[in-house]
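Reader: I would like to learn to read side-chain and helix packing from a model. Where do we start?

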Amino acid sequence: MIGNRITYRTADGVRVPGTWRHAFIRNGDYFLTDLFVYADGLIDCWGLVTLEEFAEKLRCGWVATELPDGARVSAHELAAWRFSEPRTWLTPELLLAEIRDTIDQLNGRPDSTDRCLAAVDTFLADRTERNRAAARAAYLAIPETQRHYALGDMDRKDWPLQVLVTGPGEHLDGTSPGEPVTREEYDEAIAYFEDRAKWIAERPARVPADGPATPVAPAIHLYESYSRTPSDDPGTKALRNDFPAPVPADGVTYPSVAHAYWALSTTDPGARAAIRDADTVFAARNTAAGAPRRDGWDQARTAVMTALLRAKYTRHPALARTLLDTRDATLVYDDSDSGYWGDNGGRGRNWTGRLLELVRSELRARQAGITLPEPAAGEG
């Protein structure tokens with residue numbers, strides 16, 4: 001199962017998403033390792049193999065599901081031990097079925113659980129024994145280790161599903177023997193699925209109390225533009241830190257956020273004056289690069305940039321409107337000189353983009369009449 005374990009590999013310059021799980025490799029001794037599964041159907045078990053080749057690795061015991069008592073085991077550079085009364089929940093068939101499901105999940109395709117629940121919906125819509133048999137077969141096709149999770153109900157687990165596909169007076173094939181399903185249990189399972197159907201139908205209309213988790217508006221890429229003069233219609237270029245928009249800092253007005261940022265990075269008065277008067281941001285940056293850096297600058301720079309962006313959009317209402325017009329879009333900011341401030345094709349941290357989104361949210365809060373608390377003395 002994927003869970004939160006997401007990784008990728010690069011093939012022909014394309015990122016192939018994947019996930020991983022623990023497994024034992026038998027290469028003489030047994031080795032605890034990670035088994036990587038990728039969306040294109042390749043599995044890394046100490047070498048990339050196809051699904052068919054992986055099945056052979058399971059059959060021959062290279063990927064081990066049988067753990068003999070007393071066998072030597074190693075976790076690379078971590079520990080070594082011997083199995084003592086080992087128990088395993090997997091067989092080669094079960095692990096292969098789980099891997100097949102994982103590949104379906106990585107590709108956004110229905111896995112065995114999804115196929116079972118679709119068959120259950122068909123049965124509930126037309127309750128024939130033929131449809132029940134199809135649902136039962138689909139249930140048994142779910143890897144046994146995953147059936148408990150099929151309904152996402154950690155209280156009742158898959159009990160309602162078992163009862164529904166079995167039917168009153170019958171025993172479910174392929175499960176532990178027990179008493180046959182009673183009519184009362186069956187009616188309870190029917191009621192469970194009817195309630196579940198209502199909840200699923202209502203779910204799309206439910207909105208988290210504080211709004212969606214992801215942006216509604218498409219992302220906006222703020223490419224490097226090197227603006228030197230103001231424009232009547234700059235568009236999103238106005239959101240660049242080098243856009244001409246005077247901001248005050250430490251008693252001095254600078255021609256742009258970038259000028260102010262570089263000036264505050266040094267305590268050298270001559271360098272700060274030269275940065276203020278620089279014709280371009282490149283000249284300002286180069287001057288700052290040759291000046292002594294302020295102590296603690298690396299740790300202070302994010303707060304400095306936050307304050308400068310707040311000053312820019314507070315003092316320039318037209319630019320604030322431009323920022324607000326981006327709605328809730330993710331702002332992807334390029335900065336070829338900094339992997340800290342720029343996204344740079346996914347290789348940077350995009351702190352400028354993130355801080356612009358913060359300032360945008362603060363502007364929106366003021367529009368909504370929300371008074372934000374000021375930091376107490378000694379906190380800001």
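**Charges, rings and packing**

Author: R9 lies over the face of Y38, at 4.8 Å from the ring centre. Keep in mind that this is a predicted model.

Reader: Which ring does the charged end of R240 sit over?

Author: The ring of Y333, with the charged end of R240 4.0 Å from the ring centre.

Reader: Now rings with rings. How many aromatic pairs does a search of the whole structure find?

Author: The search gives 11 aromatic pairs.

Reader: Where do Y30 and F83 lie in the chain?

Author: Y30 belongs to strand β3, residues 29-38. F83 is in the loop between β8 (79-82) and α2 (92-106). Y30 and F83 are both buried.

Reader: What is the geometry of the F31 and W46 pair?

Author: Tilted, because the planes are at 50°; the centres are 5.5 Å apart. F31 is in strand β3, while W46 is in the loop between β4 (43-44) and β5 (48-49). The pair therefore ties together parts 15 residues apart in sequence.

Reader: Which residues do ring pairs link into a cluster?

Author: Y261, W262, W297, Y340, W341 and W351.

Reader: On to helices. At what angle do the axes of α3 and α5 cross?

Author: Roughly 50°, and the axes come within 11 Å. Helix α3 covers residues 112-125 and helix α5 residues 159-166. That angle makes α3 oblique to α5. The crossing of α3 past α5 is left-handed. On the α3 side, C116, V120, F123 and L124 make the contact; on the α5 side, L161, L164 and V165 do.

Reader: How do helices α7 and α8 pack?

Author: At an angle of about 170°, with axes 9 Å apart. Helix α7 spans residues 257-264, and helix α8 spans residues 269-277. The two are therefore roughly antiparallel. From α7, H259, W262, A263 and L264 meet R272, I275 and R276 of α8.

Reader: What does L96 touch, setting aside residues up to four places away in sequence?

Author: L51, F54, A55 and L58. L96 is in helix α2 and counts as buried, at 15% relative accessibility. L96 and A55 are 41 residues apart along the chain, yet their C-alpha atoms are separated by 6.6 Å.

Reader: Which contacts does I103 have beyond four places in sequence?

Author: V37, Y38, A39, G41, L51 and R109. I103 also lies in helix α2. Its relative accessible area is 7%, so I103 is buried. From I103 to I43 the C-alpha distance is 9.6 Å, across 60 residues of sequence.

Reader: Last, the backbone. Which value of phi does D250 have?

Author: A positive one, about 55°, although D250 is not a glycine. D250 is in the loop between β10 (247-249) and β11 (252-254). D250 is exposed, with a relative accessible area of 59%.

Reader: And N344, buried or exposed?

Author: Buried, with a relative accessible area of 15%. Phi of N344 is positive too, near 55°, in a residue other than glycine. N344 is in the loop between β12 (331-333) and α12 (351-367).

Key:
Residues numbered from 1 in each chain as written. Predicted model: local features only at pLDDT ≥ 70, side-chain atom pairs only at ≥ 80, totals over all residues. Heavy atoms only, no water. Phe/Tyr/Trp six-rings, centres within 6.5 Å; stacked < 30°, edge-to-face > 60°. Helix = DSSP H or I, 4+ residues; strand = E, 2+ residues; numbered from the N terminus. Buried < 20%, exposed > 50% of the residue type's maximum accessible area, 1.4 Å probe, protein only. Lys NZ or Arg CZ within 6 Å of the ring centre and 35° of its normal. Axes fitted to C-alpha atoms, helices over the stretch in contact; angles between N-to-C directions. Parallel < 35°, antiparallel > 145°, perpendicular 65-115°, else oblique. Left-handed = near helix turned anticlockwise from the far one by under 90°. Contact = heavy atoms within 4.5 Å.
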